[in-house]
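Here is a friendly walk through a model with two chains in contact. Have the viewer open beside the text as you read.

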Amino acid sequence: MKKRAVSAVLAVVLAASLMTGCGGSGNSAPETQAAGGSQETEAQAETEKPDDGAGTAAEQGGDFKDEIHIVIDSNPSSLDIAVTTEDVAANVAQGTIFEQLVAIDDQYMPVPELAEKVDISDDTTEYTYHLRQGVKFHNGEEMKADDVVASMNRWIEAASNAQAMVGDARFEKVDDYTVKIKMAAPCAYLNELIAGLGNRAAIMPKSVIDAADPDTGLVKEYIGTGPYMLDEWEQDQYIKLVKFEDYQPYGTDGDYSAWVGYKHAYTPTVYYDIVVDSSTVIAGLQTGEYDAAFDINYDNIDMFRNDENFKVEQTLGEEAMLIFNKKEGMATDEKIRQAVQAALNCDDIMMAAYSRPEFYELYGSYMFKEQSDWYTEEGSEYFNENDPERAKQLYDESEYSGETFKVLVASDSPDFFSMAVVVQNQLEAAGIPCELLTYDWSTFVDIRNNEPDQYNAFITSFAPKVIPTMNLYLSSDWAGWCTDERIQEGLVSINTDTSKDNAVATWVDLQKYMLETSVPVVKFGSTIRFMVCKSGFDGLGFFERPLVVNARLYE
Amino acid sequence: MKKYIIRRLLALIPTLFVVSIVIFSIIHMTPGDPAAMILGDKASVEDIEALREAMGLNDPLPVQYINWVTGVFHGDLGQSVFIDEPMTQILKEYMAPTFSLTIYAMIISTVLAIPLGVIAAKKRGSFTDQGISFLSMIGISMPSFLLGLLLILGFAVQLRWFPVGGYKTIAKDGLIAHIRYLTLPALALGFMEAALIIRLTRSSVLEVLASDYVKMAKAKGVSEFALIMKHAFKNALIPILTVLGQTFMALLAGAAIVESVFNIPGIGRLTVNSVNRRDYEVIQAVVLMVSLINVVMCLAVDLLYGLVDPRVRLED
């Protein structure tokens, strides 16, 4: 009898623990979460404009929390966003700790931020920036021309794209509140470059720049002019920002768009919690330990859409692409590149990675639809061609017929790996032998950059760029090595043309040439990114990253 | 005894020397470098190369190795590229959560496993024995990350008894918060080792119970409790002790996965991150330290043999 009782208890405990474990997330409302708020039920393809106005929660009044917790998925190597191009660093520091002379609005247009105004000469060779006066750094110093000159010239040195645009020109001080740069050739899109480049043109005190690490070039202190300052960075745990009380807002109260505008810094403390495991992120959102997370697994989006305690925001994602190695091997042959493009069914590729059509868009333009100035459908008939017979014919006509096409992919990126598997299948179905080379991220980057004899193409993605010439895959000195003379001449022409109409016309021709003939890359599609946040949030924007500067989380 | 200890400690030097060469070679021969990680995915090849040069990563490997070893002999374990703190401080900060977690998991596994193993042996063939064996079978079969996720779902998401993840220090947040944050990870980490110890304890105790001297003691009328605790268990302890030493190292190694699931900034996560971003000197320092702990742990177990079993004499 006693034996049976013990066994029964053990069995019940075991069964209960397994049932509890497998019980799913449930729908019970976390105690710490605010009730109410709107719930998005349908995906919208358009970019959401960050809302700084009185939202539902704000209208209801009440207290908002003193601190919010946003999840980031990795520990940044540095917050020196002028040097590092890591997105995770910019997610934390851009617009919060650091500000720029100009930043982009939700129309991808540069708008003055630390500059009061910008004068551009008619021939676009000279830019004069009149600085806002009385702007304080977090160390109490006032931002002046010396700081801006040091910051901007450091940015040029760090960003090859900027060097390509300005040549040997560098920023100079005119007086304490004015700086200028004079280029040898016209430079029509310098502000776009400053506002939207991967290396962010963060303005820091000259003293901080002078004290940078001589080996790595990274600054040792993160001091900017933004509404938040770095308070604590517990490696691999969290980055804590606190409100900068001497912050001087600019613009009009209530007017905030994408990365620019009037910043309140309502919430005194913002934590960026570093959580690497996606399951932990989901569980942490459900229990209320984290208030917002972005780029969570697409499979979980519906669960949060159906939970009234959360709202789901979306923004433009990235362009997923196959970049050909045009330096060595098979892909130096135009016919091979055309053959690969012709063989691919982009819908299947994107579906494999993102699981549902609502999570991606298919169109041939290299620029996003939302970038209306530059968007064009010219040459789109070659996008998503899905013509294995033409692919096979082009492959047989090439001088590399019979050779195996090698695709390099990072195993740490499940989306890219899924795409690569489908690409391999489709190429082989078209009669083009294909091999996948799969490595961890660091090895992938190393081989991609330094061993072009090992592969013919690699898979990656790119965030929207303000102007086409900023697309890195068209650069001759980034992996892929796009050295096509017509493309390079076209890019120079766009950068130097003082007439935007002419520049756009040049881009339209160039895109047609690239899709039809040169094929430096194959675009698979454009993704949509999601942010899940508590429904009590008001003013938490999402434009490439969560924008916390006007966020309030009502209790 | 003293000579034995000194000799074992001296044997550390060639061991660590070999470990240092092996780990240095493996890491530096693996493609990838910290310069590319610092500058990010979108940096140009030229910019990365310039930073490599500035950081001395283009120096010949023997030169880099000698520079590092010379530093180690001077007490300088190197400098992390990404964490702006002395290496000893980094190791201290990251080792603390891992040690806490490992010790907690060790306590859970031994406190749970040894009594259950003894009970299973005592009740051999019974329903209780079968239940305990079934439990240990599940423990062995279930990976720690899966158990971790199930524990999170059950006790953090559903019941809200414990946090989903994170870490709190005793100094800053108090002992209760410290234990609260480590309980689920320690359970996830310790369950598999507990299962192993249950099985080993059961078989060891059974073996001793079948020996002649136990039969003799039983014939002389020694009580069942005294028989188990004084005679059987004590003699069964040697193989258990060996496994406990190995268990500690296994838990230390397994902590990397559990630390990722529960978001604990321990040495496992530091190692994984450092490997991912090729922070060479951190990896080297961590591996050296873990090797040192391993050797010291083995020595401690050897010394404990002598205490538990007087028949074991460590040679002088």
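Predicted model: local features only at pLDDT ≥ 70, side-chain atom pairs only at ≥ 80, totals over all residues.

On the side of chain A that touches chain B, the elements giving two or more residues are helix H1 (2-21), helix H8 (278-287), helix H14 (441-450) and strand E18 (457-462) of chain A. The residues on that side comprise 22 nonpolar, 27 polar and twelve charged ones. In total, 61 residues of chain A are in contact with 56 residues of chain B. The rule finds three salt bridges across this interface, and it also finds 16 residue pairs in polar contact, both partners being at pLDDT 80 or more.

How much area is buried between chain A and chain B? The figure is about 4800 Å², and carbon and sulfur atoms give 54% of it. The accessible area lost when the parts come together is often used to state the size of an interface.

Now for chain A as a whole. Its 555 residues include 61% that count as buried, and the chain has 16 helices and 23 strands. The accessible surface of chain A comes to about 20300 Å², with 45% belonging to carbon and sulfur atoms. Among contacts between residues at least 6 apart in sequence, 74% join residues at least 24 apart.

| Residue | Loop lies between | Relative accessibility |
|---|---|---|
| Leu79(A) | strand E1 (67-72) and helix H3 (87-93) | 0% |
| Ser398(A) | helix H12 (388-397) and strand E16 (405-410) | 6% |

Why does Leu79(A) count as buried? Its relative accessibility is 0%, and buried means under 20%. Leaving aside residues up to four places away in sequence, Leu79(A) touches Ala89(A), Val92(A), Ala93(A), Ile97(A), Phe98(A), Tyr222(A), Leu230(A), Trp233(A) and Ile239(A).

A polar atom of the Ser398(A) side chain lies 3.4 Å from the backbone nitrogen of Ser401(A). Not counting residues up to four places away in sequence, Ser398(A) touches Asp333(A), Lys335(A) and Ile336(A).

Methods:
Residues numbered from 1 in each chain as written. Chains lettered and ligands numbered in written order. Heavy atoms only, no water. Helix = DSSP H or I, 4+ residues; strand = E, 2+ residues; numbered from the N terminus. Buried < 20%, exposed > 50% of the residue type's maximum accessible area, 1.4 Å probe, protein only. Polar contact = N/O pair within 3.5 Å; in protein donor to acceptor, adjacent residues only side chain to side chain. Contact = heavy atoms within 4.5 Å. Areas by Shrake-Rupley, 256 points an atom, 1.4 Å probe, with all protein chains shown as cover. Buried area = accessible area lost by both parts, 1.4 Å probe. Salt bridge = Lys/Arg side-chain N within 4 Å of Asp/Glu carboxyl O. Nonpolar A, V, L, I, M, F, W, Y, C, P; charged D, E, K, R; others polar.
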